[in-house]
Amino acid sequence: MSAVSKSIKASTAMRRLVDRNKIFIRPGCHDALSARIAEAAGFEAIGMSGYAVSVSLLGQPDVGLITMSETVRMCRYICNAVDIPVMVDADTGYGGVNNVMRTVDEIIKAGAGGLFIEDQVDPKRCGHVAGKRLISIPDGVAKIRAADKVRLALDKDFIIMARTDGRGALGGGFQESLDRARAFTDAGADIIFPEGLVSEEEIGQMVDAVPVPISYNRTGVSPMLGLADLERLGVRMVANATGAFKASTRALVDYAVDYAVDYAKDADQPVPGDNLDRFLT
């Protein structure tokens, strides 16, 4: 794996990865430093995690609190820091069709290689928790068509990925996820992200039934399959959106606990009783 030359647009580099017949990994990042570390480790692309940005920037969970402007600003910082392409979690597009069009416009101009938009009702929820609600398929299709329209006008190489939470939403299931994946493909999506598939069989069926590449998120309710198994099933992109953020949080908690213990010993007082493990959930 190697970094991409700045002479190649981020969108072109991302499209080459998506279009080639080979699986690739897209680790998550939440700021410029975590992005640079992923690049230095040799990854070919990275993903800007909405969950990690929300928790690190606001100290709040991934429940639709981050604004479009905050996302674009962090995207710009990250894209300026690395040469490899960045895929941006754009939540629901931050509103209706007009909001989606502005979101795509701003993220393209910030230098990203692509983005994904999900089909949840605002305010959205983390993809692996219960109780998610979906917008209608026609409304989701309208958002992807709007994103595609802006992409074609500004940068044809820019990747539009459509995420569907149909598998784990209220009243949902695998067929709901598949129906939405097909509809979003017809609307112009370059790649489909079917969040929350729960078995190897479902992954294979999704790959076989959808005519564009599939992205897979190894976390939460989804099976932690190895790369060889995922490539055998036909998956093109593998995300680990929150891994880097959780690792850095673990390190911060360990540091805080160790420092607090040392301080308590030096000051001859009890160790602070705050339960720092709550930051690891």
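**Close-up views of a predicted protein model**

**View 1. Helix 2 and its exposed face.** On the face of helix 2 turned away from its buried side sit the exposed residues Leu33, Arg36, Ile37 and Ala40. Here buried stands for under 20% relative accessible area, exposed for over 50%, and partly exposed for what lies in between (1.4 Å probe, protein chains only). Helices (H or I, at least four residues) and strands (E, at least two) are DSSP runs, numbered from the N terminus. This is a predicted model, in which local features need pLDDT of at least 70 and side-chain atom pairs count only at pLDDT 80 or more, while totals for chains, interfaces and linings use all residues. Residues are numbered from 1 along each chain as its sequence is written, and side-chain values use heavy atoms, with hydrogens and water left out.

**View 2. The buried side of helix 2.** Helix 2 spans residues 32-40, and its buried residues are Ser34, Ala35, Ala38 and Glu39. Looking down the helix axis, these buried residues fall within an arc of 140°, so they line one face of helix 2; the arc is that of the directions from the helix axis to the C-beta atoms. Their cover includes strand 1 (24-29), strand 2 (46-48) and helix 4 (68-81).

**View 3. The two ends of helix 2.** At the start of the helix, a side-chain oxygen of Asp31 comes to within 3.4 Å of the backbone nitrogen of Leu33. Just after the helix, Gly42 has a positive phi of about 105°.

**View 4. Helix 2 against helix 4.** The two helices pack at an angle of about 35°, and their axes are 8 Å apart. Axes are lines fitted to C-alpha atoms, for helices over the stretch in contact, and angles run from 0 to 180 degrees between N-to-C directions. The crossing of helix 2 and helix 4 is right-handed: a crossing is right-handed if the near helix is turned clockwise from the far one by less than a right angle, and left-handed if anticlockwise. Ala32, Ala35, Arg36 and Glu39 of helix 2 meet Tyr77, Ile78 and Ala81 of helix 4, where contact means heavy atoms within 4.5 Å.

**View 5. Helix 5 against helix 6.** The axes of helix 5 (residues 97-109) and helix 6 (residues 137-154) come within 8 Å and cross at roughly 35°. Residues making the contact include Val97, Val100 and Met101 of helix 5 and Ala142, Lys143 and Ala146 of helix 6. Asp155 counts as buried at 9% relative accessibility, and touches Lys9, Ser11 and Ile108, leaving aside residues up to four places away in sequence.

**View 6. Met14 in helix 1.** Met14 belongs to helix 1 (residues 10-19) and is buried, with a relative accessible area of 0%. Not counting residues up to four places away in sequence, Met14 touches Ala45, Pro85, Val86, Met87, Gly113 and Ile159.

View 7. Most residues other than glycine have a negative phi. Asp91, not a glycine, has a positive phi of about 50°, and Tyr94, not a glycine either, has one of about 65°. Asp91 lies in the loop between strand 3 (86-89) and helix 5, and Tyr94 is found in the loop between strand 3 and helix 5 as well. Asp91 is buried at 4% relative accessible area, and Tyr94 counts as buried at 18%.

Key. A polar contact is a pair of N or O atoms within 3.5 Å; within protein, one must be able to donate a hydrogen and the other to accept it, and residues adjacent in sequence count only if both atoms are side-chain atoms.
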